[in-house]
Amino acid sequence: MLDRFAIARALREIASLLELKGENPFRARAYDNGARSLEKLTDEELARLVDEKRLTEVKGIGTALAALIAELFLTGHSAFLDELRAALPPGLIELAQVPDLGPRKIQALHEALGITSVAALKAACEAGQVRGLKGFGEKSEEKILEGIQRYETREERMLLVHALELGEPLLAHVRACPAVHCADLAGSARRWKETVADLDIVAGSLAPTDVMDHFASHPSIERVEARGDTKCTVRLGTGFQVDLRVVPPVDYGTALHHFTGSKDHHVRLRGLARERGLTVSEWGVVRLESGDKLEVPSEEALYQQLGLPYIPPELRENEGEIEAALAGERFDDLVRLEDIQGMVHCHTTFSDGKNSIEEMARAAEAMGMKYLTITDHSPTAAYAGGVKFDDLLRQWDEIARVQEKVKVRLLRGTESDILEDGALDYPDAVLEKFDVIIASIHSRMRMDEDQMTRRLIGAMRQPWFKIWGHALGRLIQKRDPFACRVEEVLDVVADSRAAVEINGDPYRLDMEPRWIREARRRGIRFVISTDAHSVDALRNLRFGVGIARRGGVRRSEVINVKDAEGFRREVRPS
């Protein structure tokens, strides 16, 4: 019999193996989602649900997944997992962690050289054995070695979306303690970094022992690793570390600021403080000359003591935000979640989405949205059920039918593939009939820098207004951005009928903040999207807003802060 965390690990292994086999990524993700749902239960709840055959009542667990979980719980193994392991070369999951090394190459290396581990692959490359294999070469060998080096020096980090799924219930648990005055997540999660090494929670209280006792009672905590007067470090069943720090309420503002980071931002602030005769630490702001502690009830007050406007957590990376503040720039107009009026970049069952147009529309309406773009894949994306012309007409009829039943405005759109020569999918006569076009690359991602740059420039120069979708094709921790001269493409975007998508899919978060800043310098406008393939994924919007704020995006720079008609006028292709 396995506990919930062991079963969750097995589900994640199945997800990885399915992905490596080239299965539909959304099928693989279902197992990952099931694992996270299990981790939120207690072992007692899991046992009861299995015994009463009610696992399907848990969000994210369907009939097939429930049967597999019950099998793992009752027998300790899964026939399906055993089949997947048997069907793939040994060591595949480890080898698949090497950047740019896909399942086909791993299979070829295994068949030709018997490669079953990263260490064996490294030795084969260093011995020059890989370059002679069909489909490889000297450059391939060099690239594999580069990927191995990155794999060996990587830092173990969790995707932000998974970190928040673990951290937010813990934060709610801490806030529920009667002795807690205030509490927040801190660290890189509060700064909306794409990945997180561990979680930090800061609480203000005059009874730290009570708070730490309450914190340690949460069912997701497997063990307490260390505990002092004001700090408690725990390890979750997933292996993730969480640190709770409890400070007197009077020190809460400076403690929250200190543990939010980043280190580089703090170093720059401390230098600025010294110039003003002050010192800043987690315990407050003190005058160097007299040793007097200043009253700093909040983060806003801390910045005020330093002669600066409030700098939001998302910007605290020492990437020009302090210099901008010193020059008089304020940040109170950064785009906020409540500014967004429309859900953009949404897929339905007409391509590879999980929910119907009506289900997506009703969910968006329930969230208070004023409009929803139906942007299913275009025909070239056959692997994702790209919508052929006849089906497109049927989809438009369906949009019209659903529009009569909902208040949210439905806009006809497409996620049109950018073809190899830079053209957009669908004939011109069809493109001009859409309300919105998202232009994205889904294939031939290994083109060299020159080829990819020409391809993107060709697409951006198309006469249709288009939104450059998930611009550089990255999948965080799995696929690096493709090679192109980004600044050159942005120059063309700035002179074209185009905007840039800030993709809220937490596995993408594309484009990254440094390129968002470059786009802003060119006066380019943005659309903050969900890239939702299901009703649940509409909640991706907050991740899009988070990454936009990290790039310094203002409300006035975002098109989908406009109402439905204003948005439609801005993005209409023709």
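**The pairing of α21 and α22**

Val486, Glu487 and Leu490 of α21 are in contact with Trp515, Glu518 and Ala519 of α22, where contact means heavy atoms within 4.5 Å. Sorted by class, this contact has four nonpolar, two charged and no polar residues; Ala, Val, Leu, Ile, Met, Phe, Trp, Tyr, Cys and Pro count as nonpolar, Asp, Glu, Lys and Arg as charged, and the others, Gly among them, as polar.

Helix α21 covers residues 486-494 and helix α22 residues 513-521, and their axes come within 10 Å and cross at roughly 40 degrees. Those axes are lines fitted to C-alpha atoms over the stretch in contact, with angles running from 0 to 180 degrees between N-to-C directions. The crossing is right-handed, that is, the near helix is turned clockwise from the far one by less than a right angle.

A word on the basis: this is a predicted model, in which local features need pLDDT of at least 70 and side-chain atom pairs count only at pLDDT 80 or more, while totals for chains, interfaces and linings use all residues. Residues are numbered from 1 along each chain as its sequence is written, and side-chain values use heavy atoms, leaving out hydrogens and water.

Now for the wider setting. The protein has 24 helices and 16 strands, which are DSSP runs numbered from the N terminus (helices H or I, at least four residues; strands E, at least two). Its C-alpha trace spans about 75 × 60 × 60 Å along the principal axes. Of its 574 residues, 54% are buried, meaning under 20% relative accessible area with a 1.4 Å probe, protein chains only.

Terms used:
Buried < 20%, exposed > 50% of the residue type's maximum accessible area, 1.4 Å probe, protein only.
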